[in-house]
Structure formats: structure tokens, C-alpha cells
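Trainee: Could we go through this structure together, one question at a time?
Mentor: Gladly, let's have a look.

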Amino acid sequence: MSPCTARFSKSANPVTIKTFLPADDKVGDLTVAQYLARLAAEAVSIINAEDYGRAIYDLALRRALIQIGEDVVNIAYDAPLDMPPQAQIEDTERRLFELAETGRYDGGFQSFNDAVALAIDMAGAAFERDGNLSGISTGIHSLDARMGGLQRSDLIVLAGRPGMGKTSLATNIAYNIAAAYEQEVQPDGTYKAKNGGVVGFYSLEMSSEQLATRIISEQTEVSSSKIRRGDITEADFEKLVACSQMMQKVPLYIDQTGGISIAQLAARARRLKRQRGLDVLVVDYVQLMTGSGKGGENRVQEITQITTGLKALGKELNVPIIALSQLSRAVESREDKRPQLSDLRESGSIEQDADVVLFVFREEYYVKNMEPRDPADPKYAEWESLFDKVKGTADVIIAKQRHGPTGTVKLAFQAEFTRFADLADPSFSQYEEH
């Protein structure tokens, strides 16, 4: 309360204040009356507080853009050896993306109250989402039951020996998520995934055509080998055409660049999120990527840089990243072929940086190779019994999970269609490990 208001119970305005000041006094080049009128005209009221805040916010964004622009020009002129043009482009794109997403390109502390509000919002979203999952559904219910779906910002490592089907499982999950995509409008006019999501798939090993063939085979139940050979009936071809028309609307984007670096991958992921949206990222596979450091680094250091970069990218984009990884040959030399965390190839950083580690293990693959050559061999009946028990099944071993239990999920696997699915026969539950 002003002195005028407290003493005389009058509002402080140019008219009331003027009577207390000598009329011939000057404030700079202005008379007292002119000065008071100017103060009143330029006073900021709370009526337009929101507009004032937006103006300040816009000016802050412009200052940030000016700073980024000045850095681009200065660094380009200086031409430092440790920042070639491509690296500068990637760094600038990262800063611009962060500015567009958050309004600033530096971090900061968040109050615990805000963190609690976010946790409650996540619980509310899980309550409303199909399947009541806190994360994005993989489309495989038994896996979702153990993991609660794919959690945002998590790095999920999916590992296995060649032939176990890790690419097939990743492809199945990616397509399931993209096919289930439903969006809803937010209060600010933007769109957000209500179910499913937009998926980016980095296929470093297979071409986009090979990947599409696998998905078509899975959806139509026409063998992928028959599709490649053209050994299909007219009915099969009609199914392929119908499936392809349906798949054109699915938000699944494939990048087939081989030997991509972690910096290039991050730049392209930011671009995809900005232009199309992004809810899940899949990388097939880590060992085919290159680091962004200087030459001379050993492979362990390079893999460490890649996994650390993927974890940071997941947090930056706020999306789960499924990164496929090979396992070391040590698995083959053991009698028990079930993989362990120590089998993760070339770097302990994969285990360290991952929020979830999944192993794909198909005992059928190993049992099949143990088949006795002579059907008359007394051991053949024993082998046949074991093979019938494991045929068409696969284990997804949850070896690490920061916010959930570990254990094994038993799935069905149809090799001819490269498809993983929930087991329909409840009798298989007797083989599930807890």
C-alpha cells in the first residue's frame, strides 16, 4: 500500500499525487505533471500479464537464436580441426531442436513437485490407455505384462546370437506399435499418441526392402522365402497387395544407411521427430554403428560412446530406444546355451547404460542341430521328444530391468513367417520360468 493510500485512504494516481508535489519542479526535461502522466501511461498492469510473458519468452528465444547463429558463423570462420563441417551441422541441429522443443538449449533443475505431477500424469495416462500400461505396448501381451510396455527415455537392449530371431522380434514390435497408432489433440493444438506410436527403424544390416518383406510375410502368413522367389499363388498375391495397401498408412520409417555414426543417427532422429513425430526408435544393430570420436579409439571405447549416446538421445527425445546387440561366441562353448549379461559383446557399457536387457533364446535352434543321423539310433526317440517340446517356442529372457522384475517370457515363434506371438496353448505355461 502506498503512503498516500495509507495516510489519506486515497488511490495513488497522477491526480492525487500531483497535489503533494510542487508544480514548478522538474524531472529531467519534464514537468511533474508530464512525468506523472508518462509513468501512468507506461505502467504495466496484471491485466495483460500473459501477453507480457509471451513477449518476454519470444525475445528470449530470439536471443538464443542469435547466439546459435553467431556460434555457427564464428566456428565456421575459425575452422577448428576438432569440429569438421559435418560435426558443426549436427551440433547446430541438436541445439535448434532443443530450442524448438523446450524453448531453451540448456538444462536446469526441476522441482520435486513438478516431478510428482509428471508421475501422476503418467499413471493417469496408463489408466486410460488400452491395456492399462504405463508405457507403449509392444503388441505382445505376455511381454507387456512383465515390462509394463516400453517406457519413455529407456534404452532397451535386445540381444542374442545369430539365428535367434532378434531382428524378427524387433520388427514385430516396431510394426505392432506403428499399426496401433492413434493420435489425440492436446490443449495447445499439438498431437500426441494415444495408443501405439510413430516408429523410426535404423536397419544397418538389412535393406528396407528385406525388412518390408519380413513384415508382409508376418502379416499375410505367406513365407518370406516364397515371396522372394516369386513362388506364390494368385490368392497369395492378392493378400500381398491388400496388405501393402494397408501398410501404406502405417507410420513406420526406415533408414537403411550402413555404418551410420551415433551423431548422424541422433541428427536424423531429431529431424524425424520434428517433421513426422517420433515415439519409438529401433537400432539394428549396435555393433554395426561407428562412434563419433577421433580415430585410434579401440572398439570397446567406441561401443561405450555409442551406448552412452543412445541413452542420452532417448532422454533428449523422450522416447524408448530398442538397440539390438550381438552376443559373444562364449555362449557356443558352454553346455548351457542360455545367454547371460556377461555375454554382451565388446563392452560392459551396454549392460551399464541399458535400462532393460532382453535376450532372445530359441532352444529349438540348438536341439535341431543335435538330431542323430540314424533314425534307428536309440537316442533318436529321446531327441524327438525333446524337439517336440521346444519346437515353435522361444524364450525372451528379461535379464535386467530397472523398474520391474526379471524372468523369462515364453513366446511362440513361427520361423517361416518370422513372427513372435503370445502362446495360445496354456499348457506351455508349465515351462515358463519365474
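Mentor: One cut-off before we start: contact means heavy atoms within 4.5 Å. Keep in mind that this is a predicted model.

Trainee: Thanks! Leaving aside neighbours within four places in sequence, which residues is Val282 in contact with?
Mentor: Val282 is among the residues with the most contacts inside the largest nonpolar core, which has 76 residues. With neighbours within four places in sequence left out, its contacts are Ala170, Ala174, Val199, Gly200, Phe201, Tyr202, Ile322 and Leu324.

Trainee: And which helix gives the most to this core?
Mentor: The core in question is the largest nonpolar one, with 76 residues. Seven of its residues come from the helix that gives the most, residues 166-179, and that is helix 8.

Trainee: Is helix 12 roughly parallel or roughly antiparallel to helix 13?
Mentor: The axes of helix 12 (residues 262-275) and helix 13 (residues 299-317) come within 10 Å and cross at roughly 15°. Angles under 35 degrees count as roughly parallel. That crossing therefore makes helix 12, relative to helix 13, roughly parallel.

Trainee: How many charged residues are in the contact of helix 12 with helix 13?
Mentor: Helix 12 brings Arg270 and Lys273, among others, and helix 13 brings residues including Glu316. Alongside eight nonpolar residues and one polar, the number of charged ones is three.

Trainee: What is the angle between helix 9 and helix 11?
Mentor: Helix 9 (residues 208-220) and helix 11 (residues 234-247) pack with their axes 10 Å apart. Their crossing is right-handed. The angle is about 115°.

Key. Residues are numbered from 1 along each chain as its sequence is written. This is a predicted model: local features need pLDDT of at least 70, side-chain atom pairs count only at pLDDT 80 or more; totals for chains, interfaces and linings use all residues. Side-chain values use heavy atoms; hydrogens and water are left out. Axes are lines fitted to C-alpha atoms, for helices over the stretch in contact, and angles run from 0 to 180 degrees between N-to-C directions. Helices (H or I, at least four residues) and strands (E, at least two) are DSSP runs, numbered from the N terminus. A crossing is left-handed if the near helix is turned anticlockwise from the far one by less than a right angle, and right-handed if clockwise. A nonpolar core is a set of buried Ala, Val, Leu, Ile, Met, Phe, Trp, Tyr and Cys residues joined through side-chain atoms within 4.5 Å. Buried means under 20% relative accessible area, exposed over 50%, partly exposed in between (1.4 Å probe, protein chains only). Angles under 35 degrees count as roughly parallel, over 145 as roughly antiparallel, 65 to 115 as roughly perpendicular and the rest as oblique. Ala, Val, Leu, Ile, Met, Phe, Trp, Tyr, Cys and Pro count as nonpolar, Asp, Glu, Lys and Arg as charged, and the others, Gly among them, as polar.
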